[in-house]
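Let's walk through this fold together, sheet by sheet. Keep the 3D view open while you read.

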Amino acid sequence: MKKIALSLLMAAAVITGCAAPSTKTTKDTKASTSTTAPQTTPSPASTPTAEKIPVATSFNPIDKLVQYIGGDRVQTTMFVPAGVEPHDYEPTPKDMARLKGAKVLFINGFDMEHWVDSSITKQTKLMNLSEGINPIRLADHDKDHDHDKEKDKDKDKDKDHDHDKDHDHDHDHKHGEFDPHIWLGMKELRLMAKNTATALTMVSPQDKTYFEENLAKFNKEADALDQEYLPQFKPFAGKSFVTGHEAFGYLCRNLNLKQQAVEGPFAEGEPTPQKIKALVDHVKAEKISTIFVEELASPKVSETLARETGAKTVQINTLEAEGDLFPTLKDIYQKVLDSFKK
Ligand SMILES: [Zn+2]
């Protein structure tokens with residue numbers, strides 16, 4: 001099942017997607033992108049949101065990105081509900097029903113959307129925003145998995161990395177070989193924004209200029225943040241910070257930092273005692289003052305870690321379930337910087 005989903009993901013890459021865009025809302029009217037332009041109704045088949053293009057997005061950062069570039073030309077429907085941790089999300093029939101009206105579904109890729117399968121790709125075109133991104137390969141991505149811990153009696157299966165059979169929950173999700181958190185790396189986020197503009201232009205070619213203007217605005221905001229923070233991070237090159245869930249791989253690659261985390265990149269659950277001990281040693285050795293805790297992660301282990309090392313916990317947001325792009329990135333930058341300065 002997973003294999004099918006993956007190959008379909010590849011096939012539906014941004015560049016090849018949407019060969020026959022259906023843009024009945026404005027295609028025939030040559031309506032300008034200006035919202036004040038008078039609209040002639042092109043067809044009685046138009047939906048109530050006739051002026052906007054209905055698109056689906058997989059989870060929060062993708063939704064925010066499509067809203068930014070799509071502006072008032074798009075109406076997004078988010079698949080994973082707001083405030084819900086997306087890594088282990090299991091779709092409900094309601095989610096599937098919501099997807100029905102959307103011709104395209106914008107996804108992050110790299111296995112964030114483990115729930116994408118043929119029942120979705122049959123009815124909805126995927127726009128994979130990770131297209132062209134240089135991924136971080138997870139060297140030993142099953143080493144930190146905790147799922148199998150209680151299943152020691154079943155060691156042979158563990159060796160085969162056959163999660164499907166002995167996974168706690170029954171759904172068909174395996175973890176990818178790449179770090180999926182591309183939206184937290186500014187370089188990667190810029191490329192995702194560009195991919196979004198390209199994809200939206202395929203859906204609504206007459207709005208090309210409008211999407212490009214929004215992309216330019218986006219890049220300007222990204223530039224401003226880079227200019228403000230990149231010089232500030234320079235003196236801390238090579239430094240590490242400790243967080244609850246290994247979500248900052250791309251941010252670290254761009255800023256020349258390192259992360260240590262309580263949980264791996266797929267938020268698999270609590271770490272082994274050995275891992276906790278290694279983290280305690282690391283925090284002490286590096287004199288780390290702050291243990292970051294993501295908004296949706298369980299703070300239990302992080303709090304223990306902080307107690308044992310004399311560090312404090314500070315909340316940080318990975319955007320996975322909520323938050324706006326630039327304000328949240330700025331907040332992350334500032335908090336990481338502050339932790340280095342103490
Ligand atoms: Zn994550």
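This is a predicted model: local features need pLDDT of at least 70, side-chain atom pairs count only at pLDDT 80 or more; totals for chains, interfaces and linings use all residues.

Residues are numbered from 1 along each chain as its sequence is written.

Start with the open sheet of four strands in the order β2-β1-β3-β4, paired in parallel. Strands here are DSSP runs (E, at least two residues), helices are runs of H or I with at least four, and both are numbered from the N terminus; two strands pair if DSSP finds at least two bridges between them. Because β2 (74-78) and β4 (125-128) sit at the edges with a single partner strand each, one side of each has no neighbour in the sheet. From one strand to the next, the twist averages 30 degrees. (Axes are lines fitted to C-alpha atoms, for helices over the stretch in contact, with angles from 0 to 180 degrees between N-to-C directions.) Further in, β1 (residues 53-57) and β3 (residues 104-107) run parallel and are joined by two bridges, and Ala56 has Leu105 in β3 as its bridge partner.

Contact means C-beta atoms, placed from the backbone, within 7 Å. Helix α7 (residues 186-203) lies across β1, β2, β3 and β4, at about 175 degrees to β3.

On to the other open sheet: four strands, ordered β6-β5-β7-β8, with parallel pairing. Here β6 (258-263) and β8 (312-316) are the edge strands, each with a single partner, so one side of each lacks a neighbour in the sheet.

Key:
Two residues are in contact if their C-beta atoms, placed from the backbone, lie within 7 Å.
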